[in-house]
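Reader: Before we go through the labels, please show me the sequence and the model. I will then ask what each label rests on.

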Amino acid sequence: MLTILISSCKNDKKPTSEIVEVDQTTIGNHMERLASDAFLGRKPFTEGEVKTVTYLKDEFEKLGLLPGNGDRFFQDVPMVEITGTPSEHMVISGKTESLRLGYLNDFVATTNKAVTEVGLENSELVFAGYGIVAPEYGWNDYEGIDWKGKTAVVLINDPGFQSGDSTLFKGNEMTYYGRWTYKYEEAARQGAAGLIIIHDTEPASYGWNVIESGWSGARLTIESDLPLLNVESWISGESATKMFEASAMKGRDYKTLSRNKDFKPIPLELTVSVDIKNTIKKDVSKNVVALIPGTDRKDEYIIYSAHWDHFGVGKAINGDSIYNGSVDNASGTAGLLAIAEAFKKTKPTKRSIVFIAVTGEEQGLLGSAYYSENPIFNPKKTVANINIDALDSPGKMKDLTITGFGQSEMDEYAQEAAAKQNRYIIPDPEAEKGYFFRSDHFNFAKIGIPALYASGSYEGFDKSIEEIKTYNDYYRAHTYHQPSDEYNPQTTELSGVQLDLQLLFNVGLKLSNEANFPKWYDGSEFKPARE
């Protein structure tokens, strides 16, 4: 297992050029096009999707790539679009007082149930800590309660977050138990009618504005036989404070209580009521799949992935209602095309190279989840996944931050490629934000394919750690999942994006011409799937 990191780079020499370069002009041209208003925010099931997938297919064809799904460039992904209209208020009632929470300002409410009307009516509220059932940690926040008809109230992230105890779960590093997706899944498995997550900016890693934009309007899901909640909800931290003050837990520190291994769910002596009226549309979205066949090991595959989708047209902010998604993720989608162009400029590789632009990432990694359940290429013959998502920096970066560092030998390939660019590698310094579970590589890892998800995000060649932090903080606070994520050819800096894409190309090129299959490290939860 790779354990040695270069934590400080003393060599400030600029990165050296490679024999085959990923073209920066190509990156910028595709980003500008994909993030333009003409693509209407690239939301699945819209005109924006039709334009996007057609554009990607045409561009792959121009480069001379082959269809990746038999004779087709598309993999159909059947989805359900549910446009929910919640009641104006969520009403929380107690013995002596009631709270009327306002939609969007105080709460959001959605459902994945494809029915015309659903809701909660005087559903008993029970505080369930972090909403986690983790036998390996001896942890069960749902124990001892019959959850039928009840609504759980839980915290975001893990018990270890800011606990000061590195042995509590993974300390500040988020596990999958900390993700909102897991929390809704577990509450449904427990038989609850609803789940309310309490928003808190730091452990969530984004503000309420992201909740507002991401959990309103039309949402997509993949039909399955798994249990579903009637209502999936968030409430603001301020609303949660008022709720607890009106409850049987008045005056108790609910965060401290939740970190106790012996925590048991606490009835709040409150009920909740909210309705959702739904318009339902069933349709098929598309993953775009293109192939460069290998030579003597053509039945072995390196998969590059990036999600093409964003949020489409939504709530207007400062007069702009198109969520263009330039960084997230026109950058990664353009990266697929630029890397494909670079591979076409080099001599044929021994292994096949696959490019998958997946749908529905913003709705819960839906396109990659569908691919993982219906793989086109044998997972046992898939050497690795290299995922590209939200590349952004104000210049060339000294670091290569690896999200999910310590999972597989892909770290070693990344370190070798970084060293050739006079860069150093580091684990994600913000592992508490759970980025490993927030992009499409996660679904490839779940079926045993070693994945690399990495970019420069910590220290620049020409900008300090503090300057980069300020830059990243501004993006998360003001641009992430907002209409302001737009491409401006005069101000968008692409040198760092190019450097990252060059590194990811170099890693794939090395893998494509050798016989080795990167291994998961001992202790990785993904190793059994590979074996």
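Reader: Why is the contact between Lys433 and Glu432 called a salt bridge?

Author: A salt bridge is a side-chain nitrogen of Lys or Arg within 4 Å of a carboxyl oxygen of Asp or Glu. The closest N and O atoms of Lys433 and Glu432 are 3.5 Å apart, so the pair meets the definition. This is a predicted model: local features need pLDDT of at least 70, side-chain atom pairs count only at pLDDT 80 or more, and totals for chains, interfaces and linings use all residues. Residues are numbered from 1 along each chain as its sequence is written, and side-chain values use heavy atoms, leaving out hydrogens and water.

Reader: What makes Lys433 buried or exposed?

Author: Buried means under 20% relative accessible area, exposed over 50%, and partly exposed in between (1.4 Å probe, protein chains only). Lys433 has 10%, so it is buried. Glu432 is buried too.

Reader: Which other residue pairs with Lys433?

Author: Glu430 does, with its closest N and O atoms 3.3 Å apart. Glu430 has a relative accessible area of 22% and is therefore partly exposed. Both pairs belong to a salt-bridge network that also includes Lys469, Asp473 and Arg476.

Reader: Why is α13 called largely enclosed?

Author: Of its 18 residues, 16 are buried, so the rest of the structure largely encloses α13.

Methods: Helices (H or I, at least four residues) and strands (E, at least two) are DSSP runs, numbered from the N terminus.
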